[in-house]
Amino acid sequence: MPQQVRGVVAHKKSDPVSVETVVVPDPGPGEVVVKVQACGVCHTDLHYREGGINDDFPFLLGHEAAGIVESVGEGVTDVAPDDFVILNWRAVCGNCRACRRGEPWYCFSTHNAARKMTLTSGQELSPALGIGAFVEKTLVHAGQCTKVDPAAKPEVAGLLGCGVMAGIGAAINTGQVGRGDSIAVIGCGGVGNAAIAGARLAGASTIIAVDVDDRKLAWATDFGATHTINSREQDAVEGIQALTDGNGANVVVDAVGRPETFTQAFYARDLAGTVVLVGVPTPDMRVELPLLDVFGRGGATKSSWYGDCLPSRDFPMLIDLHLQGRLPLEKFVSETIGLDDVEAAFHKMHKGEVLRSVVVF
């Protein structure tokens with residue numbers, strides 16, 4: 001039977017969100033109902049609320065979540081009731097051209113639940129990133145559930161569902177940072193600090209954090225940055241070069257996603273180095289670079305979607321590393337809140353006051 005639960009809904013562009021009754025149907029073939037235990041407040045949810053993704057209002061917000069499988073539909077074999085899972089928005093199809101060439105982390109046809117959650121009026125909701133997890137229970141495709149060790153706390157585990165995985169993956173998967181490498185990370189919010197934590201985990205010897213906020217640079221040091229640059233006080237490119245024998249870093253991660261920061265990243269890398277864009281730009285942004293510089297500096301310029309992760313491979317591994325004390329995921333949790341506090345959490349995030357506010361059920 002369909003269930004009625006509480007969830008956070010965005011009805012109109014830029015309007016405050018509201019907590020409303022959401023109707024969750026029984027799972028259909030290949031679908032799962034998950035009892036959400038925790039869900040992080042991510043910038044992507046704010047983009048949805050502000051109409052920056054699309055106009056398919058009303059949205060059921062939330063996507064960076066962990067919880068317990070309550071029920072499964074026909075044909076579901078990878079997860080079962082009572083499994084502890086992290087939700088993901090890359091439920092790989094196995095059949096698209098990326099999957100067929102052995103690169104499922106680029107899957108171009110990811111799965112979502114076919115059945116729709118609704119308001120009590122019957123109006124269909126658009127779940128953020130096909131998940132919608134600011135809600136007591138949510139309906140997702142089974143492929144969006146990745147089983148992990150239940151010893152991890154939900155408010156910590158769920159962060160791998162988006163921002164933290166994006167940052168760690170930008171460093172390790174996309175940038176391929178290795179032992180003894182140098183890396184600079186521009187923008188030290190949640191994603192940037194996750195890239196720093198990932199670089200430390202990978203064995204980078206020089207980890208340079210760049211931001212305009214000394215508070216965020218202090219967070220970066222706590223996650224493993226060996227050097228910090230406040231780019232309000234010092235030119236970022238010159239600072240990075242000075243810390244790398246005048247050469248620039250092997251990898252530079254732009255976790256902001258603006259033309260100015262991307263240009264800094266491009267010139268702050270070493271010859272034949274790698275630039276990784278993980279910060280999400282807006283549609284109006286443009287970058288102009290001398291084509292001769294693009295050719296002459298060599299190397300690679302990459303964008304990182306979801307940290308180029310494969311949830312079935314990466315989530316269990318990273319949870320294991322966390323439980324071993326090697327990946328301090330708990331440091332990303334600035335506060336735990338309730339559903340009624342999501343709007344206030346958006347304001348704190350916009351002001352840069354928190355790394356992550358996490359809704360706990």
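Tutor: Val9 stands opposite Ser18 in S2. The model is predicted.

Student: What makes S1 and S2 a pair?

Tutor: Two strands pair if there are at least two bridges between them. Strand S1 (residues 3-10) and strand S2 (residues 18-24) have 7 bridges. They therefore count as paired, and the sense is antiparallel.

Student: Where do S1 and S2 sit in their sheet?

Tutor: The sheet is open, has 5 strands and runs in the order S7-S2-S1-S4-S8. Its pairing is mixed.

Student: Why are S7 and S8 called edge strands?

Tutor: Each of them pairs on one side only, which is why strand S7 (118-119) and strand S8 (126-127) are the edge strands here.

Student: Which order do the strands of the 6-stranded open sheet follow?

Tutor: The order is S13-S12-S11-S14-S15-S16, with parallel pairing. From one strand to the next, the twist averages 15°.

Student: How do you know that S15 and S16 pair?

Tutor: The cut-off is at least two bridges. Strand S15 (residues 269-277) is joined to S16 by 4 bridges, so the two are paired. They run parallel. Leu277 stands opposite Ser303 in S16.

Student: Why is Thr274 called buried?

Tutor: Buried means under 20% relative accessible area. Thr274 has 14%, so it is buried. This residue is found in strand S15. Leaving aside neighbours within four places in sequence, Thr274 is in contact with Asn250, Val251, Val252, Arg269, Ala300 and Lys302.

Student: How do you know whether Thr206 is buried or exposed?

Tutor: Apply the same test: buried is under 20%, exposed over 50%. Thr206 has 16% relative accessibility, so it counts as buried. Thr206 lies in strand S12 (residues 206-211).

Student: What surrounds Thr206?

Tutor: Beyond its neighbours within four places in sequence, Thr206 is in contact with Asp181, Ser182, Ile183, Thr226, His227 and Leu243. Gly224 is 18 residues away along the chain, and its C-alpha atom is separated from that of Thr206 by 9.6 Å.

Student: Why are H4 and H10 called roughly perpendicular?

Tutor: The term covers angles of 65 to 115 degrees. The axes of helix H4 (residues 163-174) and helix H10 (residues 311-323) cross at roughly 105°, and they come within 12 Å. H4 and H10 are therefore roughly perpendicular to each other.

Student: Which residues make the contact?

Tutor: H4 contributes Met165, Ile168 and Asn173. H10 contributes Arg313, Asp314, Phe315 and Leu318. By class, the residues divide into 4 nonpolar, 1 polar and 2 charged.

Student: How do you know that Cys107 is in no disulfide?

Tutor: A disulfide needs two cysteine sulfur atoms within 2.5 Å. The nearest cysteine sulfur to that of Cys107 belongs to Cys93, 3.7 Å away.

Student: What about Cys188?

Tutor: The nearest cysteine sulfur is that of Cys42, 17 Å away. Against a cut-off of 2.5 Å, Cys188 is therefore in no disulfide. Cys188 is buried, with a relative accessible area of 0%.

Student: How many disulfides does the rule give?

Tutor: The count comes to 0.

Key:
Residues are numbered from 1 along each chain as its sequence is written. This is a predicted model: local features need pLDDT of at least 70, side-chain atom pairs count only at pLDDT 80 or more; totals for chains, interfaces and linings use all residues. Side-chain values use heavy atoms; hydrogens and water are left out. Axes are lines fitted to C-alpha atoms, for helices over the stretch in contact, and angles run from 0 to 180 degrees between N-to-C directions. Angles under 35 degrees count as roughly parallel, over 145 as roughly antiparallel, 65 to 115 as roughly perpendicular and the rest as oblique. Contact means heavy atoms within 4.5 Å. Ala, Val, Leu, Ile, Met, Phe, Trp, Tyr, Cys and Pro count as nonpolar, Asp, Glu, Lys and Arg as charged, and the others, Gly among them, as polar. Buried means under 20% relative accessible area, exposed over 50%, partly exposed in between (1.4 Å probe, protein chains only).
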